[in-house]
Amino acid sequence: MDENEIKNLQEENDKLKQSLSVKSDIVSISAHQIRTSLSALKWIIKMFLDGDLGKATPEQENLMRKAYEGNDRAIGIVNELLLANKTENTTEKKYVFESVDMAEIIEHSIFDFSGEAYNKGIEIIFLKPEEKMPALRADKEKIRVVFQNILENAIKYSNDHGKVFITIRKDGDGFMEISVKDTGIGISEDGKKKLFEKFYRDPEAQKKEIIGSGIGLFTIKKIVEDHGGKIWFESEKEAGTTFFFKIPEFKQAQI
Amino acid sequence: MAKIILIIEDDNFLQGLEATKLKKEGYDVLAAGNSVEAFKIIDDPKNKLDLILLDLLLPEVDGFMILERIRQNKEFLTIPVIVFSNLSEEKDIKRAQKLGISEFMVKSNFTLDELATKIKGLIGS
């Protein structure tokens with residue numbers, strides 16, 4: 001390849017990067033605007049459901065509840081879109097590894113998802129160890145995406161009034177292991193083989209949540225592996241699923 | 001005496017819904033749609049504010065800049081500020097936390113009841 005060809009390829013590459021960045025900004029801005037409209041809908045329907053605007057008939061209430069759930073699903077899709085958009089950028093960007101307090105990420109995430117959990121009557125229980133856990137060597141923003149994706153799935157696929165248990169522990173091999181256990185529908189036999197494939201959606205999951213992108217688990221597996229970690233699950237049909245991931249502990253000389 | 005909350009939100013419709021809910025909960029509510037209106041209220045010593053509810057994406061001067069200016073004023077060093085926005089990236093949360101906030105809530109993930117409960121936890125009813 002001569003110098004001119006290399007130069008042309010570099011120029012083409014720069015143009016592609018630029019258009020990807022413009023696309024990413026468009027997705028991000030649109031998602032924000034859509035979220036604003038969906039927030040308004042969510043609050044108004046909730047006012048109807050709470051009887052703030054007068055007592056509804058059982059039929060009206062039933063329809064309003066369906067509208068509320070449909071709206072929440074749409075919010076979930078926008079959240080997935082943002083995740084996919086962020087991950088597309090992630091592959092372009094280097095990871096910034098630092099010392100990360102996982103318990104803090106868990107506690108903040110529980111707060112962020114408390115509304116969703118409350119609506120389904122699901123209790124999130126963080127079995128936080130009494131002693132302070134060692135920090136992770138991780139990219140804080142990306143590991144937050146990993147945890148929140150697993151937690152969101154646990155809530156989404158749990159049966160109403162179920163429980164979600166979260167643990168964190170040292171595994172003894174220089175890794176910290178985090179687990180999220182739900183009391184949900186479980187994963188099908190087919191799903192057990194293909195769950196981390198791009199665009200795969202478990203048939204059991206589709207019964208529960210019709211809409212989903214099938215990109216979340218594929219994305220977070222890549223993030224965990226880029227950290228030198230591992231992600232896996234144990235699942236029993238109708239009894240629930242536990243997701244585990246482990247990430248190396250932070251050691252001073254690693255950065 | 002009722003506690004006073006300032007809502008800084010440029011979307012009139014959302015601002016109206018938030019104000020209606022908080023008034024119903026027994027708070028006095030003042031509202032601003034941009035930084036000029038916001039500082040007119042904040043800088044008026046007659047308004048003894050107890051909490052500020054702050055959106056981030058605002059025309060011209062954004063919520064981060066407003067927050068920065070609020071914290072520069074000695075009188076408002078410790079006033080509780082809840083960011084109520086549809087931004088949710090870690091960099092936005094970190095930036096707001098650095099400037100000093102009580103809570104960062106993503107609008108689409110919470111109902112107004114949950115917002116009211118959070119406010120009650122911070123300043124009482």
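In helix α2 of chain B, residues 35-42, the buried residues are Ser35(B), Ala38(B) and Ile42(B). These three residues cover an arc of only 60° around the axis, which places them on the same side of α2(B). An α-helix has 3.6 residues a turn, so residues three or four places apart point the same way. On the face of α2(B) turned away from its buried side are the exposed residues Val36(B) and Lys40(B). The buried residues of α2(B) are covered by elements of chain B that include β1 (4-8), β2 (28-32) and α3 (63-72). The model described here is a predicted one.

## The sheet of chain B

Chain B contains an open sheet of 5 strands in the order β2-β1-β3-β4-β5, and the pairing is parallel. Strands β2 and β5 of chain B stand at the edges with a single partner strand each, so one side of each has no neighbour in the sheet. From one strand to the next, the twist averages 20°.

Within this sheet, β1(B) and β2(B) run parallel and are joined by 5 bridges. Ile8(B) stands opposite Ala32(B), a residue of β2(B). Helix α1(B) lies across β1, β2 and β3 of chain B, and runs at about 165° to β2(B). Helix α2(B), with which this report began, packs on the sheet and touches β1 and β2 of chain B; its direction makes about 140° with that of β2(B).

Strands β4 (residues 81-85) and β5 (residues 103-106) of chain B also run parallel, joined by 4 bridges. Phe84(B) stands opposite Met105(B) in β5(B). Together with helix α4 of chain B, residues 90-99, the strands β4(B) and β5(B) make a right-handed β-α-β unit.

## Chain A

The secondary structure of chain A amounts to 8 helices and 7 strands. Of the 255 residues in chain A, 30% are buried. Among contacts in chain A between residues at least 6 apart in sequence, 69% join residues at least 24 apart.

Strands β4 (residues 163-170) and β5 (residues 175-182) of chain A pair in the antiparallel sense over 7 bridges. Val164(A) has Asp182(A) in β5(A) as its bridge partner.

| Strand pair | Sense | Bridges |
|---|---|---|
| β1(B) and β2(B) | parallel | 5 bridges |
| β4(B) and β5(B) | parallel | 4 bridges |
| β4(A) and β5(A) | antiparallel | 7 bridges |

## Loop residues with positive phi

One residue in each chain is described here for its backbone angle. In chain A, His161(A) has a phi near 65°, a positive value in a residue other than glycine. His161(A) lies in the loop between α5 and β4 of chain A. His161(A) counts as exposed because it has 10 C-beta neighbours inside 10 Å, where 12 or fewer is the limit for an exposed residue.

In chain B, phi of Glu60(B) is likewise near 65°, again a positive value in a residue other than glycine. Glu60(B) is found in the loop between β3 (51-54) and α3 of chain B. With 9 C-beta neighbours inside 10 Å, Glu60(B) also counts as exposed.

## The contact between the chains

The contact takes 16 residues from chain A and 16 residues from chain B. On the side of chain B that touches chain A, α1 (12-24) and α5 (112-123) of chain B each supply at least two residues. Helix α1(B) gives the most to that side, with 3 residues. By type, the residues of the side of chain B that touches chain A divide into 8 nonpolar, 4 polar and 4 charged.

Technical notes:
Residues numbered from 1 in each chain as written. Chains lettered and ligands numbered in written order. Predicted model: local features only at pLDDT ≥ 70, side-chain atom pairs only at ≥ 80, totals over all residues. Contact = placed C-beta atoms within 7 Å. Nonpolar A, V, L, I, M, F, W, Y, C, P; charged D, E, K, R; others polar. Buried ≥ 20, exposed ≤ 12 C-beta atoms within 10 Å, placed from the backbone. Arc of directions from axis to C-beta. Pairing = 2+ DSSP bridges. Right-handed = clockwise from strand over helix to strand, strands pointing away. Axes fitted to C-alpha atoms, helices over the stretch in contact; angles between N-to-C directions.
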